[in-house]
4 protein chains.
Amino acid sequence: MDLVVVMKSGAAADDVQRVVERVGELGLTPHTSRGEFRTIVGAVGEKTPELQQQLEQLPGVDHVMAITQPYRLASREFHEADTILDIRGVRIGGPHVNIIAGPCAIESREVLFSVGRAVKQAGAAILRGGAYKPRTSPYSFSGLGREGLELLQQAGAELGMPTITEVTDPRDVPVVCEFADILQIGARNMQNYNLLLEVGRTSKPVFIKRGLAASITELLMSAEYVLSQGNHRVMLCERGIRTFAEETRYTLDLSAVPVIQERSHLPVFVDPSHAAGKRDLVPALALAAIAAGAAGAIVEVHSCPDRALCDGPQAVLPARFTALMEQIRQVAAIVGHRVTQW
Amino acid sequence: MDLVVVMKSGAAADDVQRVVERVGELGLTPHTSRGEFRTIVGAVGEKTPELQQQLEQLPGVDHVMAITQPYRLASREFHEADTILDIRGVRIGGPHVNIIAGPCAIESREVLFSVGRAVKQAGAAILRGGAYKPRTSPYSFSGLGREGLELLQQAGAELGMPTITEVTDPRDVPVVCEFADILQIGARNMQNYNLLLEVGRTSKPVFIKRGLAASITELLMSAEYVLSQGNHRVMLCERGIRTFAEETRYTLDLSAVPVIQERSHLPVFVDPSHAAGKRDLVPALALAAIAAGAAGAIVEVHSCPDRALCDGPQAVLPARFTALMEQIRQVAAIVGHRVTQW
Amino acid sequence: MDLVVVMKSGAAADDVQRVVERVGELGLTPHTSRGEFRTIVGAVGEKTPELQQQLEQLPGVDHVMAITQPYRLASREFHEADTILDIRGVRIGGPHVNIIAGPCAIESREVLFSVGRAVKQAGAAILRGGAYKPRTSPYSFSGLGREGLELLQQAGAELGMPTITEVTDPRDVPVVCEFADILQIGARNMQNYNLLLEVGRTSKPVFIKRGLAASITELLMSAEYVLSQGNHRVMLCERGIRTFAEETRYTLDLSAVPVIQERSHLPVFVDPSHAAGKRDLVPALALAAIAAGAAGAIVEVHSCPDRALCDGPQAVLPARFTALMEQIRQVAAIVGHRVTQW
Amino acid sequence: MDLVVVMKSGAAADDVQRVVERVGELGLTPHTSRGEFRTIVGAVGEKTPELQQQLEQLPGVDHVMAITQPYRLASREFHEADTILDIRGVRIGGPHVNIIAGPCAIESREVLFSVGRAVKQAGAAILRGGAYKPRTSPYSFSGLGREGLELLQQAGAELGMPTITEVTDPRDVPVVCEFADILQIGARNMQNYNLLLEVGRTSKPVFIKRGLAASITELLMSAEYVLSQGNHRVMLCERGIRTFAEETRYTLDLSAVPVIQERSHLPVFVDPSHAAGKRDLVPALALAAIAAGAAGAIVEVHSCPDRALCDGPQAVLPARFTALMEQIRQVAAIVGHRVTQW
């Protein structure tokens, strides 16, 4: 039973009959149950969001409840076991914990390589760095573009690390695919559906960050967009939602980790850096994420954050990152996970 | 004085000195004031978000406060008088109140023209209709695309109404410019910066909806993206924000109307349909918007909403819309505005 | 049918049987419907929140949906017509619009009487003034207590206006009843259940403000607490909720007005002063509230707000209030309401 | 410098002069700095919230920024070292991690004692159980009152555990003090200021839960209420805030732990049970809390949760709690803390 149409308490028999007919007309099978105060009509079959909206408007209908989730390919019901990805030898998901680290933006060859070497040595598995930076202000540094991608590719090759970078425009998908190993969809683009369709048509793994105001269902629907195009290598990332709490940049919703794991087979990462907005909070939140069972964390590291062109305040220093990695390894073991070793 | 750097209560003289030097190095002029418990350093000059972030990280700094807003071209300080647009003879902004109406999506010639005629007759000034619909589910109807744009152009021409439609992809900007009079940036794309830059380079007026989790400052920064490209014809629209309140689809933040009017010269519309998500709430919220001083409202109208392919539950029937227009005219007059007459 | 128990897709026949038995054991009548993928069990009868929680935990149960609202006496189903109160000759609810005005706190005889005379002359129906002020800081002015109540009573008597004042402690209910006509429950006490029970046992009308994070259902449940004690004279008030929006003190949720009117027979007021926190926004929001169909507004007025001991920035000056009253009268008429005349 | 008054860009010299005079009149020392576009006036000295509000309203003033936090006794500046409490031999705060466990409500002697024995054996340090339950519905079970308190005292004595229970009414403070070791202020009463003052006048330690919509500053201000009465034994508890996220009951804001630790010397606990609302999420969130450095967690445990009269769905079973305690011990050690041993 996919939909339950709840009639108003005073609904006429005619109203119920009309709902039953419409359910049939929409290709679903109706089941009517009469309660003491209310009648409900179940509607069994394939449903689309439109059907629910249309039934809600019929005379005598109080509300319509969906019984099943609107996503399919992203659901545990569709694919029961954890999805485990293999990206250039790095295994992601299931019991594997992977830390993605690097500078927020790729600013220069020097910073990228020095931070890259430091995080690699500390045990990070994947190298991050932004070449296209969505910025609130048109007057801010917005990334080096193609030149940044080339630097990232060189750093990944030299360090032997897969690379991840954000793509913000459907027109940039080919060039990003050429240089990077993982395509990141940022929080502000989680519902940029044309971009999702475009990355869904590539063969690159896709890392989708939860939007600032997105529900978990909506995040899974964005994954569904990518999956529906035949690209099954999708990772999700909780990065903080916007709430009234003003002491941090965003509110990290760590319960998203076990909730998504219950509903979906896709690996769930956590981004403590963007959530907190302040480096002093990052280690506590990164450890909390691993303790909550996350597939990993994406952490911004910078060798000279007070000169960074983007989000310096949330970048941790390489030495602090190294100490954090040691704690992450230990916490992962306690919850039955293991950090990919180098 | 653009930034105020607040030192920690125990900050050393060296720390203060370092801040003063860095302020100078960044091209700003420092002013130091010593309080009983704290020292503050003012920094006068052109600032970018990066500067603030960099100063925040220096030793001994507690926090840095920005004194001026980050937008310029969108501000009242830059342009004191209300911006008044003229779009094919329809005057928007200042004392003018304009109602934009039509179906959510363009589904068929028949529905579009019949709804168009009804809203025109009732007094709507601008015809709306979506050809590219961003939908949460990849399995939902996503619009007729170019065919829809052609229908919209024909309806606008026949009815003598300027038209507005959403553009969701930078690659679609040329075709939408060819067929529509106003380019709408939807809530989910408010921070799709490449799209904003693209519409900023056209000569078409742009109608930007506030994102579900966007602050008013962020909405004005999105306007700044368009303005910075030389396109000065920008309208803003409050359409409801995401909050814990679950009884409506979103929470309409009507205080955005007077707040934006105080800070910016750009016209502010209100979208009661998407905010409420239920047609019974639309008239009350539309009237409230006009009473609050909005430049107009954008209202979804459908002749047969329980067959609509998109957002039927929030569409009002033509007869209800006609009655609402009459009340809107009266309320506008009370607050010193006037509805463009036909 | 009061509850719908949705079984998991793979639930065993035994699980369904156990739910059916438990429903019966809890005194409800079970109705089982088998869908293509899921079985649902309806449970008809009187339910309490406990029952729903208990059923949710049985093996094989996916979730339980409540079909009916948890409030009874506050609902339109229980009492279809608008409740209209008569408080010392002032009629509240239905088509009547009443403006409650006065200073935030009662600071002195002089301010209270001068503001009272001004708002009376402008057309306010009810005089407000706080004697017990809940303040975030223990170092803030917290009201004159009993002395303030006496002043309020004298002002009400002299001006011929009913009075309203906040009660924050169950121990203060008798003294507040002695001096004031309407007992206000502030937002921070909306879920102070012992206080609600205490005022429910008096014969005074009760004015309940929505909590900062309260859903409309929770607001109606707080009304239910008062109603359940036999006190049927309850008014509700939307006063802004806490959201991420930082440009105003709170986000006024005006859709609460039509939503509550649909679900409940109780009059709904709006408090634009506390929502906005800034006087310049108050007139726009007050007019919007009346346009949305509210039963009235509660507005803070002060003759010398930059000397006020509490919330001066949101108090409007008497002259501005007088102009606002004139607009309120006109807007009320447009939506079929009328301001009580003096 | 405690306040910074930012003048509008076009403020007249007279306006600045008036601010300077008013600052002096309010007992603060003014410091004027003239920037390129704006003048600012610093105000040094003791400030109250009123002063800030009053200055904001003077002509030519754009806004007023507070440089120092409004709490004093709760701040790290006032008391630099972590506060460590000793409650009947249990040491709380600093490096000590303590788990508080027990049923949500005290329903019967049998359940309380059996759960108490189980959690004691698993390693919980403090026994919880509610005798006065604030419930959304007036028709829900609201606790056994004094009888419950007696049972709790007996269980604590028999098991050798200090006890904690909620007090919801100032009139109940004496009886709760008679029977329990720790007074809990629930989230809905965090701003019940008379209750805070009343518990501040006792000699019992107070455990304050963050309100559903309370900022961290407001939580610390509530602690300040208790501290200001001379009771210095205060603990704080993050228990989830209300956000748009609907997949969990509330959104646990774990960043509150390091943020509060930075600002205050008081111990910070976490309540994963109420935040999640579902037992399957509790272990992940409890471990995350300890990994984030919390002083402990308060966990609801029930031997037969599908018969519980209150919040059964979030109670973990004793066996699961025992396994969780083992993981908590290990995670605590990794972050340099230790669980009080039994």
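Predicted model: local features only at pLDDT ≥ 70, side-chain atom pairs only at ≥ 80, totals over all residues.
**View 1. The open sheet of four strands in chain A.** The strands of this sheet follow the order E2-E3-E1-E4 (chain A) and pair in the antiparallel sense. Strand E2 (29–34) and strand E4 (61–66) of chain A each have a single partner strand and stand at the edges, so one side of each lacks a neighbour in the sheet. From one strand to the next, the twist averages 20 degrees. Six bridges join E2(A) to strand E3 (residues 39–44) of chain A, and this pairing is antiparallel. Within the view, Thr29(A) is placed opposite Val44(A) of E3(A).

**View 2. Helices H1 and H2 of chain A against the sheet.** Helix H1 (residues 13–25) of chain A lies across strand E1 (3–7) and across E2, E3 and E4 of chain A. The direction of H1(A) makes an angle of about 5 degrees with E3(A). Helix H2 (residues 49–56) of chain A also packs on the sheet, where it touches E1 and E4 of chain A. Relative to the direction of E4(A), that of H2(A) stands at about 160 degrees.

**View 3. Strand E10 of chain A and its parallel partners.** Strand E10 (residues 182–185) of chain A is covered on both faces. Ile182(A) and Gln184(A) are buried on one side, and Leu183(A) and Ile185(A) are buried on the other. Strand E9 (residues 163–166) of chain A runs parallel to E10(A) and is joined to it by three bridges. In this pairing, Ile164(A) stands opposite Ile182(A) of E10(A).

**View 4. The contact between chain D and chain A.** Chain D contributes 34 residues to this contact, and chain A contributes 34 residues. On the side of chain D that touches chain A, the elements giving two or more residues are helix H8 (256–263), helix H10 (282–291) and helix H11 (318–334) of chain D. H10(D) gives the most to this side, with five residues. By class, the side of chain D that touches chain A comprises 21 nonpolar, eight polar and five charged residues.

Definitions and conventions:
Residues numbered from 1 in each chain as written. Chains lettered and ligands numbered in written order. Pairing = 2+ DSSP bridges. Axes fitted to C-alpha atoms, helices over the stretch in contact; angles between N-to-C directions. Contact = placed C-beta atoms within 7 Å. Buried ≥ 20, exposed ≤ 12 C-beta atoms within 10 Å, placed from the backbone. Nonpolar A, V, L, I, M, F, W, Y, C, P; charged D, E, K, R; others polar.
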